[in-house]
Amino acid sequence: MIQRIQSIFMLLAAACMSFLYLPSFEFAGSETPEVRSAGLFTDGYFNSYDNTILVSLIAGAISLAFINIFLYKNRNLQLLLSRITIVVIFSIIVVGGILFYLNFENRQSEMEHVNIRLGLFIPFVSMALLYFANKYIIKDNKLVKSMDRLR
């Protein structure tokens with residue numbers, strides 16, 4: 001039953017989150033020397049490798065989404081793990097935002113030199129894909145319960 005639509009959504013969510021490990025998908029970047037002196041931007045980019053908490057949260061979200069694909073026989077557990085994965089992805093967004101804010105708390109004039117990159121939107125896309133997967137898991141649960149009533 002891997003060909004179900006919710007399995008495809010979960011596979012796409014895991015693939016989107018794994019893009020954050022590629023060096024071309026940063027959260028933000030800057031070429032100006034003032035911003036590069038900041039802690040997160042020492043290499044010019046704010047990506048997942050700048051903090052071990054972000055790396056571990058992203059790895060956890062990828063593994064949860066990928067493991068969740070093969071739990072199609074237990075839909076309630078699949079729904080629970082999918083919701084946990086959404087919470088982990090939300091915590092990635094929060095931790096990334098806190099790290100970004102703490103490094104630029106006193107550098108308001110340098111904030112205008114930071115460019116938002118594509119990697120910033122990937123967690124939101126993954127959350128949306130997992131939301132749609134949850135929707136179809138609930139739909140399958142209702143279908144199975146209605147079939148059980150007919151027997």
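1. Let's start with the surface. The accessible surface of the chain comes to about 8700 Å², and 67% of that belongs to carbon and sulfur atoms. Accessible areas come from the Shrake-Rupley method with a 1.4 Å probe, and for residues only the protein chains shown count as cover. This is a predicted model, in which local features need pLDDT of at least 70 and side-chain atom pairs count only at pLDDT 80 or more, while totals for chains, interfaces and linings use all residues. Residues are numbered from 1 along each chain as its sequence is written, and side-chain values use heavy atoms, with hydrogens and water left out.

2. Next, the overall layout. Helices (H or I, at least four residues) and strands (E, at least two) are DSSP runs, numbered from the N terminus. Of the 151 residues in the chain, 38% are buried. Here buried means under 20% relative accessible area, exposed means over 50%, and partly exposed lies in between (1.4 Å probe, protein chains only). Among contacts between residues at least 6 apart in sequence, 75% join residues at least 24 apart; contact means heavy atoms within 4.5 Å.

3. How many salt bridges does a search of the whole structure find? The search finds one. A salt bridge is a side-chain nitrogen of Lys or Arg within 4 Å of a carboxyl oxygen of Asp or Glu. The partners are Arg-4 and Asp-140, with their closest N and O atoms 3.0 Å apart. This pair links distant parts of the chain: Arg-4 sits in the segment before helix H1 (5-18) and Asp-140 in helix H5 (residues 122-150), 136 residues apart. Arg-4 is buried, at a relative accessible area of 11%, whereas Asp-140 counts as partly exposed at 22%.

4. Arg-4 is also a handy landmark for Tyr-72. Tyr-72 has its place in the loop between H3 and H4 and is partly exposed, with a relative accessible area of 23%. Tyr-72 and Arg-4 are 68 residues apart in sequence, but 8.9 Å apart in space, C-alpha to C-alpha.

5. Now look along helix H1. H1 has 14 residues and reaches 20 Å from its first C-alpha to its last, close to the 20 Å expected at 1.5 Å a residue. The expected span of a helix is 1.5 Å times one less than its number of residues. The buried residues of H1 are Gln-6, Ser-7, Phe-9, Met-10, Ala-13, Ala-14, Cys-16 and Met-17. An α-helix has 3.6 residues a turn, so residues three or four places apart point the same way.

6. Ile-5, Ile-8, Leu-12, Tyr-131, Phe-132 and Tyr-136 form a nonpolar patch on the surface, with about 530 Å² of accessible area together. H1 and H5 each supply at least two of its residues. Ile-8, in helix H1, is partly exposed, with a relative accessible area of 40%. Patches are made of residues with over 30% relative accessible area and no salt bridge: like charges are joined within 9 Å, and nonpolar side chains (Val, Leu, Ile, Met, Phe, Trp, Tyr) within 5 Å.

7. Which residues does Ser-126 contact, leaving aside its neighbours within four places in sequence? They are Ala-13, Cys-16, Met-17 and Ile-89. Ser-126 lies in helix H5 and is buried, with a relative accessible area of 0%. A polar atom of the Ser-126 side chain lies 3.4 Å from the backbone oxygen of Ala-13.

8. Helix H4 (residues 75-103) deserves a look as well. H4 has 29 residues and reaches 42 Å from its first C-alpha to its last, close to the 42 Å expected at 1.5 Å a residue. Among its buried residues are Leu-79, Ile-86, Ile-89 and Phe-100. Phe-90, also found in H4, is partly exposed at a relative accessible area of 46%. Phe-90 and Leu-57 are 33 residues apart in sequence and 10.0 Å apart in space, C-alpha to C-alpha.

9. Finally, a stop before helix H3. Asn-51 is found in the loop between strand S2 (45-46) and helix H3 (52-69), and counts as buried at 16% relative accessibility. A polar atom of the Asn-51 side chain lies 2.9 Å from the backbone nitrogen of Ile-53. In helix H3 itself is Ala-59, which counts as partly exposed at 35% relative accessibility.

Conventions:
A polar contact is a pair of N or O atoms within 3.5 Å; within protein, one must be able to donate a hydrogen and the other to accept it, and residues adjacent in sequence count only if both atoms are side-chain atoms.
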